[in-house]
Amino acid sequence: MRTAVVVGAGMAGLAAAGALSRSGWRVTVLERAERIVAPPTAVVLWPNGLRALESLHPEGGWLAIASPLPDGGVRRPDGQWLVAPRTRTGTGPSPAAAHLEDVYDALVTGLGDAEIRTGFEVTTIRTGPRLRPAVSDGSTTIEADLLVGADGIDSRVRAAVAPESAPVSSGFAAWQAVIPGFRVPSLDGGRCLGGETLGVGYRFVAMPLGDHAAGRGGVYWVATAAGAARPEAAATQLALLRRWFAGWHDPVGALLDATRPEDLVPQGVRELRPLPRSYAFPSGPGGVVLIGDAAHAMPHHLGQGACLAFEDAATLRSVVAGTPPGAALNTAVESYNRLRRPRTTTVVRQNRRMSAVVQARGRLALRARDAALNHMRPRMLGRSLGPVPDWTPPD
């Protein structure tokens, strides 16, 4: 039987493991942590991500756990519109938000016969022209025909096969939180709690999660600020956020007031520079592939990180389905890189353009930002016929 080892049990690793397992592979998932736990936040599923998930696991009930997002528009801190809300046109799935707990539950359910080993920290990766890919934690070595590096931005697998690519700071920090439904503030007139606000070096995005988010609804928000990650305790960081965003239009202050320190998930935002020279490396009868943040970690301006990871998993499943170890699997591994690297390079490039827009500082830069938003936001964020959300799974 064909064998695969997936390093990392985040969304990318779980999606790939389930897809391979249901395609006839004997899959082992290796996770460094002692158990698989979803971060207490949410994820935006753009149409491309939803299509990928549907192709990977049609029984996942993705539309049942994801709540369609209204277009809340883009405003300045004083509430003035930069981009007014728009009514969605066209066919196909709408962008949606889902609680990560729900997404993880569906992905774990779809693992099939895959074996999960927690508490396994990969320290050594072995590859070579005549060697089956293998990983080791220093005491146990596991070989496979296919090694999938899904171990995030600090990937040990990527460091072994593409050491030229390294994580660097994106120049800003981020905070996320999910406010459960019973704590969500109400607005006069039933106004939408979703939308995006751009200040000078600051950004605040909120989106309603609906009634399906882990059974408790709520609102998911993300705030960013220029600079490095903060070292203070969560309560102190929350107090800083309330001070930084004081005076911003409703519902920014109300959402921060409804947030508790235990809800807050701070992070320093990093990205890969340069991207790996390849996402696939033939080895012996098979090879090594990189997926998700191990391959193309980027800031979350376009909300495409998870969606690209699901695309990676769907593409990998497509190119290796029914492929025996040997020359055919070597070719399939190389095909994965040819299909994925141009796509992700394009999205990363657009994400960097968007980063320059949302992090604009200075009077002239802000004027250029405001003028560009009407053109860039709909095309880049999927509100019309831009290339980012138009991806469909390969046959």
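Which residue of β19 does F281 stand opposite?

1. F281 stands opposite V288 in β19, and β18 and β19 (residues 286-290) pair in the antiparallel sense over four bridges, where two strands count as paired if DSSP finds at least two bridges between them. Helices (H or I, at least four residues) and strands (E, at least two) are DSSP runs, numbered from the N terminus.

2. This is a predicted model, in which local features need pLDDT of at least 70 and side-chain atom pairs count only at pLDDT 80 or more, while totals for chains, interfaces and linings use all residues. Residues are numbered from 1 along each chain as its sequence is written, and side-chain values use heavy atoms, with hydrogens and water left out.

3. The strands β18 and β19 belong to an open sheet of six strands with mixed pairing, in the order β8-β2-β1-β12-β19-β18. Because β8 (115-118) and β18 (280-283) stand at its edges with a single partner strand each, one side of each is left without a neighbour in the sheet.

4. Helix α1 (residues 11-21) packs on this sheet and touches β1 (3-7), β2 (26-31) and β12 (146-149), contact meaning heavy atoms within 4.5 Å.

5. Helix α2 (residues 47-56) is largely enclosed by the rest of the structure, because seven of its ten residues are buried, that is, under 20% relative accessible area (1.4 Å probe, protein chains only). The buried residues of α2 are P47, N48, G49, L50, A52, L53 and L56.

Notes: Buried < 20%, exposed > 50% of the residue type's maximum accessible area, 1.4 Å probe, protein only. Axes fitted to C-alpha atoms, helices over the stretch in contact; angles between N-to-C directions.
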